[in-house]
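Here are my notes on the model, as numbered points. Please read them with the structure open.

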Amino acid sequence: MKRSLFGRLWPNATAVVLFIGFVFPVYWMFATAFKPTGDIISEDPVWFPTDVTFEHFRTATGVDHFWTYVSNSLIVTLCAVGLALVVALAGSFALARMRFKGRRGFVIGFMLAQMAPWEVMIIAMYMIVRDASLLNSLVPLTAFYTMMILPFTILTLRGFVAAVPRDLEEAAMVDGCTRAQAFRKVILPLLAPGLMSTSLFGFITAWNEFALVLVLNKEAEAQTLPLWLSSFRTAFGDDWGATMAASSLFALPILILFVFLQRRAVSGLTAGAVKG
């Protein structure tokens with residue numbers, strides 16, 4: 001009886017501890033954003049804002065070029081995710097449906113590309129962009145972010161394409177569809193969970209990327225929101241209230257996107273990991 005009770009309690013207790021460990025930093029970030037400066041610098045921690053203020057948000061959004069940072073981040077992120085999905089749909093279909101020489105090595109190459117840290121190639125990327133006279137431009141950022149997202153997107157969607165029975169595609173072609181029409185009308189609707197999960201992963205990756213834009217884009221007009229987060233320093237030190245407000249605003253789009261896509265995203269990640 002005791003063993004049975006312990007067997008039920010310890011997984012739940014572990015889940016609660018992990019939940020608190022992951023959620024508390026997010027709560028503290030949002031709570032600090034609404035606290036007056038006196039509560040933030042107090043020696044005794046203030047767990048709940050006693051006097052809610054929006055001054056830190058006004059400071060964060062009042063930074064020069066704020067809306068330029070927002071538009072740049074949205075343009076680069078959405079373009080990178082869109083391009084990666086278009087290329088990955090074709091690539092995943094080829095890997096899942098077609099048999100060609102070197103296919104296994106091709107898949108292994110994608111896996112290696114996914115595991116390789118992009119930071120080791122920053123110098124090479126900088127030299128390529130500099131020689132092409134594209135420094136302080138959103139074009140190379142979009143291209144590099146697309147390449148970062150592409151391996152994971154192709155490997156995940158490949159599992160979904162492989163899970164679709166060939167009979168459905170062949171039946172559509174017997175009914176008069178071309179192969180492209182069969183893919184668009186039969187396979188593509190069944191890939192919705194995979195498209196959701198890969199889109200969410202790609203959005204997070206491109207939205208959060210800091211190192212490349214720091215190296216390639218020195219002018220404020222070509223920078224993105226991650227660099228905006230590093231701008232809240234004064235002669236008296238870091239402005240933690242504005243920093244937490246900026247961090248809250250920066251994280252909000254991802255949180256909202258995840259709330260809307262969580263069911264399809266989670267099922268997509270697990271299905272894409274075991275199929276194909």
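1. His 56 is buried, at a relative accessible area of 5%. Buried means under 20% relative accessible area, exposed over 50%, and partly exposed in between (1.4 Å probe, protein chains only). His 56 sits in helix α3, residues 55–61. Helices here are DSSP runs (H or I, at least four residues), numbered from the N terminus. Leaving out residues up to four places away in sequence, His 56 touches Thr 32, Ala 33, Lys 35, Pro 36, Thr 37, Ile 40, Gly 241, Ala 242 and Ala 245. Contact means heavy atoms within 4.5 Å.

2. A word on the basis. This is a predicted model, where local features need pLDDT of at least 70 and side-chain atom pairs count only at pLDDT 80 or more, while totals for chains, interfaces and linings use all residues. Residues are numbered from 1 along each chain as its sequence is written, and side-chain values use heavy atoms, with hydrogens and water left out.

3. Asp 39 belongs to helix α2, residues 37–40. Is Asp 39 buried or exposed? Its relative accessibility is 19%, so Asp 39 counts as buried. Asp 39 touches Val 46 and Thr 50, again not counting residues up to four places away in sequence. Gly 241 lies 202 residues from Asp 39 along the chain, with 9.9 Å between the two C-alpha atoms.

4. Helix α6 covers residues 122–131, and its buried residues are Ile 122, Met 125 and Val 129. They span an arc of only 60 degrees around the axis, so they lie on the same side of α6. The arc is that of the directions from the helix axis to the C-beta atoms. An α-helix has 3.6 residues a turn, so residues three or four places apart point the same way. The cover over the buried residues of α6 includes α7 (138–163) and α11 (211–216). On the other side of α6, Ile 123, Ile 128 and Asp 131 are exposed. Just after α6, Ser 133 has a positive phi of about 55 degrees.

5. Next, α7 against helix α10 (residues 192–208): the packing angle is about 160 degrees and the axes are 10 Å apart. Axes are lines fitted to C-alpha atoms, for helices over the stretch in contact, and angles run from 0 to 180 degrees between N-to-C directions. The two helices are therefore roughly antiparallel, the term for angles over 145 degrees. From α7, the contact includes Tyr 145, Phe 152 and Phe 160; from α10, it includes Leu 195, Phe 201 and Ala 206. The contact residues divide into 9 nonpolar, 6 polar and no charged. Ala, Val, Leu, Ile, Met, Phe, Trp, Tyr, Cys and Pro count as nonpolar, Asp, Glu, Lys and Arg as charged, and the others, Gly among them, as polar.

6. Thr 205 is also in helix α10. At 23% relative accessibility, Thr 205 counts as partly exposed.

7. Last, helix α8 (residues 166–174) and helix α9 (residues 179–190). Their axes come within 9 Å and cross at roughly 140 degrees. α8 and α9 are therefore oblique to each other. Leu 168, Glu 169, Ala 172 and Met 173 of α8 meet Arg 179, Ala 182, Val 186, Ile 187 and Leu 190 of α9. This contact has 7 nonpolar, no polar and 2 charged residues.

Key. Angles under 35 degrees count as roughly parallel, over 145 as roughly antiparallel, 65 to 115 as roughly perpendicular and the rest as oblique.
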